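Open the model in your viewer and keep the selection panel at hand. Each stop below tells you what to pick and what is there.

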Amino acid sequence: MTIDVLAFATSPRRHGNSETLLDWVLAAMEGEGGTTVEKIVVPEVDIRPCRGCNACETLNRCVQRDYMDYVNDRIIAADCIVLASPIYCMGLAAQAKVLIDRTQVFRSRKYVLHLPVVPPERKGKRAGIFLATAGQNWKNVFDAAIPSVKCFFNVVDVRNKDIRYLMVNGVDEKGAIEGHPTARSDAQALGKEVVAHLRETGVA
């Protein structure tokens, strides 16, 4: 059985620092063997903002028909979900936030309709990774993003203890992360560690 990895690149700047960090993690995961990786570039697909209509609280699905129909199915199927975002104005990029807001469907399913997000036998056997880059060197530059990220993983049934974080600041210009002293090796180590963790849980 293979480990199914679903990754989201959310930066509007293709192949920038956060996506490069993501690619390093994914390459390390693939290098461990027994994994399949799908990367969705969020700005290039049709994911519309949440309307706040709460129809999902009765329908158990969103009223909008867009690429989230596919994404929602993939979120449920994946063993590992990786979210990569740059930090803009001390928070997630808008494209990442749109994706997270649309997972309101899972919040409604879980807490209003009291229906399972994943089958009981898969609970505790999923992992999440949050990757972020920021131009500023401020110590607190990632703080505002973390609650949204934890909410996202919680509603899709990834436990807090199964979330891993790699956040790199001081990389602003495109390609700056290539010169960071530890980012690449940290990303590679993280990818390998998460694959090992999932194998320990019995995923593969």
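Predicted model: local features only at pLDDT ≥ 70, side-chain atom pairs only at ≥ 80, totals over all residues.

**Stop 1: the core**

Select Phe8, Ile75 and Phe130. The largest nonpolar core has 33 residues, and these three touch the most other members. Now colour the elements that give two or more residues to this core: strand E1 (3-9), helix H3 (68-77), strand E3 (80-88), helix H4 (94-102), strand E5 (127-134) and helix H6 (145-155). Which of them gives the most? H6 does, with six residues. In soluble globular proteins, nonpolar side chains tend to be buried together.

Stay on Phe8 and show its contacts. Leave aside neighbours within four places in sequence; the partners then include Leu22, Ile40 and Val42. Val71 and Ile75 are also in contact with Phe8, as are Ile81, Val82, Leu83, Ala84 and Leu99.

Next, pick Ala7, Ala9, Leu22 and Leu131. They belong to a second, separate core of 27 residues.

**Stop 2: the largest pocket**

Select Arg13, Pro86, Tyr88, Val171 and Asp172. Of the 14 residues that line the largest pocket, these are the closest to its centre. The pocket has a volume of about 180 Å³.

Which elements supply at least two residues each of the lining? Helix H1 (17-31), E3 and E5 do. E3 has the largest share, three residues. Colour the lining by residue class and you get five nonpolar, seven polar and two charged residues.

**Stop 3: two residues with positive phi**

Go to Asn54, in the loop between strand E2 (35-41) and helix H2 (56-59). Its phi is near 60°, a positive value in a residue other than glycine. Is Asn54 buried or partly exposed? The relative accessibility of Asn54 is 39%, so it counts as partly exposed.

Jump to Met90, in the loop between E3 and strand E4 (91-92). Here phi is near 70°, again positive in a residue other than glycine. Met90 counts as partly exposed because its relative accessibility is 26%.

**Stop 4: salt bridges**

How many salt bridges does the structure hold? There are 17.

- Select Arg74 and Asp4. Their side chains meet in a salt bridge, 2.8 Å from N to O. The pair links distant parts of the chain: Arg74 is in helix H3, Asp4 is in strand E1, and they are 70 residues apart. Arg74 has a relative accessible area of 13%, so it is buried. Asp4 is buried too, at 15%.
- Select Glu19 and Lys39. The N to O distance in this salt bridge is 2.7 Å. Because Glu19 lies in helix H1 and Lys39 in strand E2, the pair ties together parts that are 20 residues apart in sequence. Glu19 is buried, with a relative accessible area of 2%, whereas Lys39 is partly exposed at 29%.
- Select Arg102 and Asp66. This salt bridge is 2.7 Å, N to O. Arg102 lies in helix H4 and Asp66 in the loop between H2 and H3, so the pair ties together parts that are 36 residues apart in sequence. Both Arg102 and Asp66 are buried.

Methods: Residues numbered from 1 in each chain as written. Heavy atoms only, no water. Core = buried A, V, L, I, M, F, W, Y, C linked by side-chain atoms within 4.5 Å. Buried < 20%, exposed > 50% of the residue type's maximum accessible area, 1.4 Å probe, protein only. Helix = DSSP H or I, 4+ residues; strand = E, 2+ residues; numbered from the N terminus. Contact = heavy atoms within 4.5 Å. 1 Å grid on protein atoms, 1.4 Å probe; cavity = no way out; pocket = protein on both sides within 12 Å on 5 of 7 lines; lining within 4 Å. Points joined across faces, edges and corners; volume = space filled by probe spheres on them. Nonpolar A, V, L, I, M, F, W, Y, C, P; charged D, E, K, R; others polar. Salt bridge = Lys/Arg side-chain N within 4 Å of Asp/Glu carboxyl O.
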